Amino acid sequence: MNKRKVGIVTYVRTDNYGAELQGYALQHKINMMGGFEAEVLDIDHVGMDKKTYREMIVRGILSRLKHNPAKGITEIVSIAFKMFRNKNLTINANKTLREAAFSEFWDNAITHSQHIDVDRISTETGKYDVLIAGSDQIWNYLRTSNLTVYFLNFSSSKQIKFSYAASFSISKIPTKRKKEYTDLINQLPSISVREQQGAEIIRELTNREVEVVLDPTLLLDKEEWLKIASDRIDIKEPYILTYSLSSSKGYWEIIHGYAKKYGLKVINLRHDFIENRIPPYQIDIFDAGPREFIHLLAKAALVITNSFHGTIFSINFNVPFISVINRLSETNSRILSILENIGLENRLQYDDDTSLIKPLEMDFCEANARLEHLKSKSLEFLKSNLQKNA
């Protein structure tokens with residue numbers, strides 16, 4: 001019996017732990033089911049255009065100024081300074097090592113297609129019986145100017161197509177983009193999203209009820225993840241692991257508060273290559289790839305992060321964690337949704353609440369039970385759509 005060929009359209013090769021690991025998880029899980037040959041499509045990620053980028057910057061500035069004018073100005077100056085430094089930093093050996101670690105994971109862990117030119121995607125994906133959109137922030141217009149690709153608008157009527165755990169990441173769709181989104185959503189016959197906020201957006205735009213499912217990384221258990229982990233970077237003493245794509249002064253005050261309270265070292269996974277002054281109990285790691293990320297997180301005494309995937313890997317591995325978010329962020333729904341679904345809202349901390357210190361110990365029993373239920377529901381959605389006829 002011939003296996004069904006499955007093509008997955010998502011964000012990969014982005015030098016981001018969450019993006020690479022969710023891409024790996026979905027193709028791996030489908031291939032382990034039997035009866036399918038799944039691979040991630042190697043397409044170039046088309047970022048946002050200049051107009052959208054300016055819009056995002058202006059919205060962020062206005063939001064901060066409206067909430068707290070004095071503090072907002074300070075934050076804006078700080079962000080601008082960091083962006084300038086990032087633009088002008090010197091490429092060093094750590095950057096080369098990190099890129100090599102990500103490339104190795106893409107080449108050897110993720111089953112993927114040959115490179116596909118976006119302009120020829122319709123003709124070059126005709127071999128697939130099934131096309132899947134997801135997961136990650138593929139439906140966030142602030143992340144791409146090519147939404148049609150991530151809504152599988154290039155597919156033929158002979159192909160089964162659906163989304164798995166696609167994310168808008170934002171809380172609402174701007175009025176001027178509602179028709180575009182409505183048309184794209186309506187041409188997709190079966191939809192699942194990663195957050196409840198996403199389901200509400202679709203209901204508002206199309207009056208459709210859609211499934212909310214787990215991020216693909218939660219479809220694999222800890223033991224499955226550890227099989228592909230690497231201990232190339234190994235820390236012997238107890239530590240706090242922190243990973244952040246964008247941080248604030250309050251974020252770091254929270255981390256150092258926990259480090260002093262519990263007497264733990266801080267292991268900081270860096271996504272940039274700027275040399276900063278750090279306290280003696282902190283170690284900055286610049287060259288960890290996805291395999292090292294898994295190992296370091298699994299061994300941590302505590303994880304403090306504002307990353308969605310940093311949060312859900314902590315949950316999956318039953319590692320105590322603190323999810324730090326900014327009250328003004330438009331992307332909080334990602335973390336809030338999963339914490340509410342499994343009853344761990346008490347591990348949330350706002351970055352302006354720097355004096356709060358939560359207990360180190362956590363009881364994951366109830367969360368694990370809820371997670372298993374959500375996992376069964378998510379797998380049922382995935383299997384039923386994979387087995388459909390076009």
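## Close-up views of a predicted model

**View 1. The lining of the largest cavity draws its largest share, four residues, from helix α13.** The model is predicted, so local features need pLDDT of at least 70 and side-chain atom pairs count only at pLDDT 80 or more, while totals for chains, interfaces and linings use all residues. Residues are numbered from 1 along each chain as its sequence is written, and side-chain values use heavy atoms, with hydrogens and water left out. Helices (H or I, at least four residues) and strands (E, at least two) are DSSP runs, numbered from the N terminus. A cavity is a set of points, on a 1 Å grid over the protein atoms alone, where a 1.4 Å probe fits but cannot get out, and its lining residues have an atom within 4 Å of a point. The largest cavity is lined by 15 residues, of which R194, V213, L214, I338 and N341 lie nearest its centre. Two or more lining residues come from each of α12 (308-317), α13 (333-342) and α14 (365-386).

**View 2. Helix α8 (residues 196-206) has G198, A199, I201, I202, L205 and T206 as its buried residues.** Buried means under 20% relative accessible area (1.4 Å probe, protein chains only). Seen down the axis of α8, these residues fall within an arc of 160°, taken from the directions from the helix axis to the C-beta atoms, so they line one face of the helix. They pack, with contact meaning heavy atoms within 4.5 Å, against α7 (178-186), β6 (192-193) and β7 (211-212). Just after α8, N207 takes a positive phi of about 65°.

**View 3. I173 is found in the loop between β5 (160-163) and α7.** This residue is buried, with a relative accessible area of 6%. Not counting residues up to four places away in sequence, I173 touches F168, K178, Y181, I201 and L205. The C-alpha atoms of I173 and I201 are separated by 7.5 Å, although the two residues are 28 residues apart along the chain.

**View 4. In the largest nonpolar core, of 69 residues, I30, I132, Y164 and W225 touch the most other members.** A nonpolar core is a set of buried Ala, Val, Leu, Ile, Met, Phe, Trp, Tyr and Cys residues joined through side-chain atoms within 4.5 Å. Helix α14 gives the most to this core, with seven residues. Apart from this core lies another, of 36 residues, among them I121, A133, V149 and V193.

Definitions and conventions
Buried < 20%, exposed > 50% of the residue type's maximum accessible area, 1.4 Å probe, protein only. 1 Å grid on protein atoms, 1.4 Å probe; cavity = no way out; pocket = protein on both sides within 12 Å on 5 of 7 lines; lining within 4 Å.
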